[in-house]
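Please consider the structure shown below, and follow the account of its surface, its charged side chains and its helix packing.

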Amino acid sequence: DRMVSWLLSDNPQPYQSWGNGSAMRVSPVALWAQTEQELLELAHLSALPTHDSPQAIRGAQATAWAIRHALENRNGPQMLEEVEARFEYDGLTSRDPVAERPDHLFDVSCQGTVPLALSIAVRSGSFDEAMRWCCSMGGDADTLAAIAGPVAEALYGIPLQHLENARQRFHPEDDIWEAVERIYQNPVVADRLARWGYPNGTSAEATDERRVSPA
């Protein structure tokens, strides 16, 4: 595995990966960046250590930009239109993930995964449905969900019970939960989320969904 070899090497260097890992890990950038330009720069930098191909960098930037747009505007169709124009993902606004499901194959590329993930997040209509759609596609479903999930969270919120269930699965020695909490509790991030209506949500939300931080 190229990632393991990179991690264990004495002098890890970028290896021109065009895989979807750059988009899978970029979501915090949408919260940290102060401006759109900084968002694109941070997404680029987050990809570089491993995924320094143009495809992977574009996928990371498009994903971070989509999350930020979803948080600010909560308008999925508009977000797809703008991502298609800005990042040149042709046909994004007309994709039908349900129709693609029977022929969907395992795809680790950013070029193949990011547009599908964004389309699922918007067209599914809720966080739960987005996750179900990702699982039902098969293939690299976990990465697909990791990319679609933050966009769906920004658009629809995450049911409170999911956070409680997730918390119970972590062991005291795990540090991932603490890391997530610290992101949401950072004063700059918390202020920005409050201005965007997170965690309290909007009247347009479904009654069983709440935009909540893990804190």
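Buried means under 20% relative accessible area, exposed over 50%, and partly exposed in between, with a 1.4 Å probe and protein chains only. At 46% relative accessibility, Val4 therefore counts as partly exposed. The model is predicted: local features need pLDDT of at least 70, side-chain atom pairs count only at pLDDT 80 or more, and totals for chains, interfaces and linings use all residues. Residues are numbered from 1 along each chain as its sequence is written, and side-chain values use heavy atoms, leaving out hydrogens and water.

A salt bridge is a side-chain nitrogen of Lys or Arg within 4 Å of a carboxyl oxygen of Asp or Glu. By this rule the count comes to seven salt bridges. One of them joins Arg86 to Glu36, with the closest N and O atoms 2.7 Å apart. This pair links distant parts of the chain, 50 residues apart: Arg86 belongs to helix α6 (residues 76-87) and Glu36 to helix α4 (residues 36-47). Helices here are DSSP runs (H or I, at least four residues), numbered from the N terminus. Arg86 also forms a salt bridge with Glu82, at 3.9 Å between the closest N and O atoms. Arg86 is partly exposed, with a relative accessible area of 43%, and Glu36 is partly exposed at 38%.

In helix α13 (residues 187-195), Arg195 and Asp191 are four residues apart and so separated by about one helical turn. They form a salt bridge whose closest N and O atoms are 3.3 Å apart.

Conventions: Helix = DSSP H or I, 4+ residues; strand = E, 2+ residues; numbered from the N terminus.
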